[in-house]
Amino acid sequence: MDKIKAHTQEEFKSFMSQLLETNANLGFYTDFAKCHANVNKISMRLNALNYLIGKDDIAAAVHDLWEENPQVFTTLDILIGVRTKDKKLSFNRDSEIQLIEEFFISAEGVVEFIQDTGLEKVFRNKQITNLVDYVFGVEVGLDTNARKNRSGDIMEERVASILTKANVTFRQEVYSREFSEVYQALGVDSKRFDFVVETPAKTYLMEVNFYSGGGSKLNEVARAYTELAPKVNACEGYEFVWVTDGKGWESAKGKLEEAFYTIPSIYNLTTFKPFVDTLRKKQKTSKKPTEQGCCP
């Protein structure tokens, strides 16, 4: 006999039709504070490298600067949009593969790096006038790689805002070890929930995410929550809630549908707001005064 599904096929179709293309606001695209901080860490070395700008004999200028302070050249990698910590490789002139950072251990290596990357012409022709300003632009470009992480952060901010506006008391980033029954049900590994909302009758443990693009991670997340929800819900007085959105789910529709039929409390940003209204009403039944807003 088949298990009773948490939702109907029609409800799933409606859920999919409501998924948003993006959750981005204008602050999503670039974290200027982080870019400024990254540049500020190396600004003194970049200012020293400004000595190379406009020099006709770059090799001689490199050797002069090397004699003064060889450490300034450790920032050259960012000029071509890579970071030493990423352990990037390249062929050298001897057709040997080496780490890019290894070009910076000698003046000759620095000259080879500057000449073969094309920076020599850029310096000589003054196509860059100030390396601090230039690297700030590079950092802005590299920051686009962090947008995936920010999408999740923005989703959490959106959920927190919805809860706060509804006067629902909640906590963020709460570990399962606070709830002994749930902790035992999930095993020895402590699970961190994005949000926890407590009412007199039940405690709601929430996970929140947003996916604008596809990928194997979506299947893994759906599978993990399909297994997690029944374990939490089997604990008296607890319920697992999953708030997710984004057109990325269209690429993992099968696994999401499986989760949708298993998890009673699964919402997108459209359906989450009515659920929050019920949470507010349930918290109002408490005889104890509660403090509104977020308590991270």
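Biologist: In which strand is Glu 173 found?

Modeller: This is a predicted model, and in it Glu 173 is found in strand β3.

Biologist: What is the phi of Glu 173 near?

Modeller: Phi of Glu 173 is near 50°, which is a positive value in a residue other than glycine.

Biologist: With which side chain does Glu 173 meet in a salt bridge?

Modeller: The partner is Arg 192, with an N to O distance of 3.8 Å. This pair links distant parts of the chain: Glu 173 is in strand β3 (residues 170-175) and Arg 192 is in strand β4 (residues 192-198), 19 residues apart. Arg 192 is also partly exposed, at a relative accessible area of 37%.

Biologist: How many salt bridges does the count come to?

Modeller: The count comes to 13 salt bridges. As background, side chains of opposite charge can pair when their charged atoms come close.

Biologist: What about Arg 171; with which residue does it form a salt bridge?

Modeller: Arg 171 forms one with Glu 178, and the closest N and O atoms are 2.9 Å apart. Arg 171 has a relative accessible area of 23% and is partly exposed. Glu 178 likewise counts as partly exposed, at 48% relative accessibility.

Biologist: Which residue does the side chain of Arg 280 meet in a salt bridge?

Modeller: Arg 280 meets Asp 277, at 3.9 Å from N to O. The two are separated by about one helical turn, because they are 3 residues apart in helix α11 (residues 269-284). Arg 280 counts as partly exposed at 23% relative accessibility, and Asp 277 counts as partly exposed at 34%.

Biologist: Which residues do salt bridges that share partners join into one network?

Modeller: Salt bridges with shared partners join Arg 171, Glu 178 and Glu 198 into one network.

Biologist: Which helix gives the most to its lining?

Modeller: Helix α2 (residues 32-49) gives the most to the lining of that second largest pocket, with 3 residues. The lining residues include Asn 38, Lys 41, Ile 42, Asp 77, Arg 83 and Glu 139.

Biologist: How do the residues of that lining divide into nonpolar, polar and charged?

Modeller: The lining of the second largest pocket divides into 3 nonpolar, 4 polar and 5 charged residues.

Biologist: Now the surface. Which residues make the nonpolar patch?

Modeller: Leu 89, Phe 91 and Ile 97 make a nonpolar surface patch of about 360 Å². Among them, Leu 89 has its place in strand β1 (residues 89-91).

Biologist: Why is Leu 89 classed as exposed?

Modeller: Leu 89 is classed as exposed because its relative accessible area is 57%, and the exposed class is over 50%.

Biologist: One last item: where does Lys 126 lie?

Modeller: Lys 126 lies in the loop between α5 (119-124) and α6 (131-142). Lys 126 has a positive phi of about 55° although it is not a glycine. At 54% relative accessibility, Lys 126 counts as exposed.

Key. Residues are numbered from 1 along each chain as its sequence is written. This is a predicted model: local features need pLDDT of at least 70, side-chain atom pairs count only at pLDDT 80 or more; totals for chains, interfaces and linings use all residues. Side-chain values use heavy atoms; hydrogens and water are left out. Patches are made of residues with over 30% relative accessible area and no salt bridge: like charges are joined within 9 Å, nonpolar side chains (Val, Leu, Ile, Met, Phe, Trp, Tyr) within 5 Å. Accessible areas come from the Shrake-Rupley method with a 1.4 Å probe; for residues, only the protein chains shown count as cover. A salt bridge is a side-chain nitrogen of Lys or Arg within 4 Å of a carboxyl oxygen of Asp or Glu. Helices (H or I, at least four residues) and strands (E, at least two) are DSSP runs, numbered from the N terminus. Buried means under 20% relative accessible area, exposed over 50%, partly exposed in between (1.4 Å probe, protein chains only). On a 1 Å grid over the protein atoms alone, a cavity is a set of points where a 1.4 Å probe fits but cannot get out, and a pocket is an open set with protein on both sides within 12 Å along at least five of seven lines; lining residues have an atom within 4 Å of a point. Ala, Val, Leu, Ile, Met, Phe, Trp, Tyr, Cys and Pro count as nonpolar, Asp, Glu, Lys and Arg as charged, and the others, Gly among them, as polar.
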